[in-house]
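Here is a short report on one protein chain. Look at the structure first, then read on.

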Amino acid sequence: MNGRITVVDRKAVRIHSYMAPDDRLHATTQLIETPDRLIAVDAQYALADADEVVAYATGLNKPLDRVILTHSHPDHIQGAGRFRAPVHALAVVREQIAAQGDGQDPSGTAIPVAHMIPSVVINPGTEVIDGIPFVFEAYSGGEAPDQLVIRLPEQHTLIAQDLVYHRAHLFLAQNDIAGWQRALETLSADPSYDLVLPGHGLPASREVFAEMARYLTDARELLGDDGEAYKKAIMERYPDWSCPSMIDIANLYLFGGQDG
């Protein structure tokens, strides 16, 4: 296996967190194993990584109930069709995926938008799935224009995905540091959530909120009008953090004249 699986037991739920290799930005898919089924959260960038997740899920010998896409960025949606399960997302995220059109695997293989676009709309609120309450919350601003966060209150688990990175450099292309900081303040306000599942990196404790806050404060200070200077400065402050290529990708949007 090229990716890395971390398993955490949480009462009636077992969480299997798949982290892609560094060159695929340590993107994560969460497999939430309830008593009788599996729920996947996010679907990977590379089709090969999505296939690894699906093969692992098959070995758990429970049906895959759905795949939930938390936001529209390609590194979390391109493998959705490989799961062969209904795809769920917020209505606004569905619209954003449709507007992006077809994708492309890192190998160059085209990925039709029909293989990614959700068929089921998630409304914010609580849904009980296989006896487990899932609380769906919509956030605007931060890493992406719109994102879904999932709380598992009985398991004290927060599925934050790309509103939280764990010791991986941040994708700041939307240039909304203030919005990201506000979202983190809201997410960290309830101390009962002691397991935080990030969109990039390994499962984390509540300490990840303070780490994220420091990084965003530093990014606000250092992010000027020179992408290479910013990359050098932020990496000097966080030399042990993974995925420096994430900075390069964001810099294309911030300084390379691309549309965000």
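What covers the buried residues of helix 6 includes strand 13 (157–165), strand 14 (195–200) and helix 5 (227–237). Cover is judged by contact, meaning heavy atoms within 4.5 Å. Helices (H or I, at least four residues) and strands (E, at least two) are DSSP runs, numbered from the N terminus.

This is a predicted model: local features need pLDDT of at least 70, side-chain atom pairs count only at pLDDT 80 or more, and totals for chains, interfaces and linings use all residues. Residues are numbered from 1 along each chain as its sequence is written, and side-chain values use heavy atoms, with hydrogens and water left out.

Which residues of helix 6 are buried? They are Met-246, Ile-247, Ala-250 and Asn-251, in a helix that runs over residues 245–255. Seen down the helix axis, the buried residues of helix 6 fall within an arc of 130°, so they line one face. The arc is that of the directions from the axis to the C-beta atoms. Buried means under 20% relative accessible area (1.4 Å probe, protein chains only).

Now the whole chain.

| Item | Value |
|---|---|
| Helices | 6 helices |
| Strands | 14 strands |
| Buried residues | 54% of the 260 residues |
| C-alpha span along principal axes | about 50 × 45 × 35 Å |

With 260 residues, a compact globule would have a radius of gyration near 18 Å; the chain has 17 Å, which agrees. That radius is taken over C-alpha atoms, and the globule rule is 2.2 Å times the number of residues to the power 0.38. Among contacts between residues at least 6 apart in sequence, 61% join residues at least 24 apart.

Terms used:
Buried < 20%, exposed > 50% of the residue type's maximum accessible area, 1.4 Å probe, protein only.
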